[in-house]
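Here are a few friendly notes to read alongside the model. Keep the structure open and find each residue as you go.

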Amino acid sequence: MTREKIMTQLFEFSSPTYYKWTKQDKRKIFDLLNYAFTNNELEEFIKTGKIDKIEELGNKTYLFDSSMKFYKTAKHISNFKVAKNLLLLLENNYKQNNNSVIIEKIAESIYKSDKELFEYFENDKNIEVVTSMKLALLNLIQKQDIFVLEYISKNRKEIEKNSLKKSAKYLNKIDFLYSNNFHRI
């Protein structure tokens, strides 16, 4: 499809109007459309009402932001080391289950993993604290969308790396509420 045909369908006007707007009036909207979109992308929008490239970009941002919030909340519920071990546990569980997230298997792994997750040994007397922490972490996992858990499992290293950056963007008031609730248990 030609650019003229695309624009006439997109704006629902005639070819003479298109030429008037682009040649005589020199409207900036056409500069923007030429700058930002290819013919194929605009055709895709006309046919489907969306552009896949933009949809994917929005989904990645949402998944990354949700994953960062999850990790920060896990750190507030427990501590840095436990949160890092939790991400590793999620990644390993994902791989062991043929690249799929199964909440029941994750719960099983959390309750069986005193040494791996909490680096907890027999001589520790804080069994109640560890048990309540397990419950709080499992509750956090159950509240997550499966797609977020899958993203975390696939991108653990990126999440850990980005969490080290000093950024208030991911710190919200809600992050601290989980921490306060855990200490009350």
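Predicted model: local features only at pLDDT ≥ 70, side-chain atom pairs only at ≥ 80, totals over all residues.

1. The rings of Tyr18 and Tyr19 form an edge-to-face aromatic pair, with 5.4 Å from centre to centre and 65° between the planes.

2. How many aromatic pairs does the structure hold? There are 7 of them. Among them is the pair of Phe11 and Trp21, which is edge-to-face, at 6.2 Å centre to centre and with 70° between the planes. Phe11 belongs to helix α1 (residues 3–11) and Trp21 to helix α2 (residues 15–24), so this pair ties together parts that are 10 residues apart in sequence.

3. Are these two partners buried or partly exposed? Phe11 counts as partly exposed, at 30% relative accessibility. Trp21 is partly exposed too, with a relative accessible area of 21%. Look also at Arg27, which lies over the face of Trp21, 3.9 Å from the ring centre.

4. Now step back to see the rings together. Phe11, Phe13, Tyr18, Tyr19, Trp21 and Phe30 are linked by ring pairs into a cluster.

5. In soluble globular proteins, nonpolar side chains tend to be buried together. Here the largest nonpolar core has 33 residues, and Phe70, Leu137 and Ile141 have the most contacts inside it. At least two residues of this core come from each of α5 (52–77), α6 (80–96), α7 (103–112), α8 (114–118), α9 and α10 (146–154). A second, separate core has 7 residues, including Ile6, Phe13, Phe30 and Leu42.

6. Which residues does Phe70 contact, leaving aside its neighbours within four places in sequence? They are Leu86, Leu87, Leu90, Leu140, Ile141, Gln144, Leu149 and Ile152.

7. With 16 residues at 1.5 Å a residue, helix α9 should span 22 Å, and its end C-alpha atoms are 22 Å apart, so the two values agree. The buried residues of α9 are Val130, Ser132, Met133, Lys134, Ala136, Leu137, Leu138, Leu140 and Ile141.

Key:
Residues numbered from 1 in each chain as written. Heavy atoms only, no water. Helix = DSSP H or I, 4+ residues; strand = E, 2+ residues; numbered from the N terminus. Expected span 1.5 Å × (residues − 1). Buried < 20%, exposed > 50% of the residue type's maximum accessible area, 1.4 Å probe, protein only. Phe/Tyr/Trp six-rings, centres within 6.5 Å; stacked < 30°, edge-to-face > 60°. Lys NZ or Arg CZ within 6 Å of the ring centre and 35° of its normal. Core = buried A, V, L, I, M, F, W, Y, C linked by side-chain atoms within 4.5 Å. Contact = heavy atoms within 4.5 Å.
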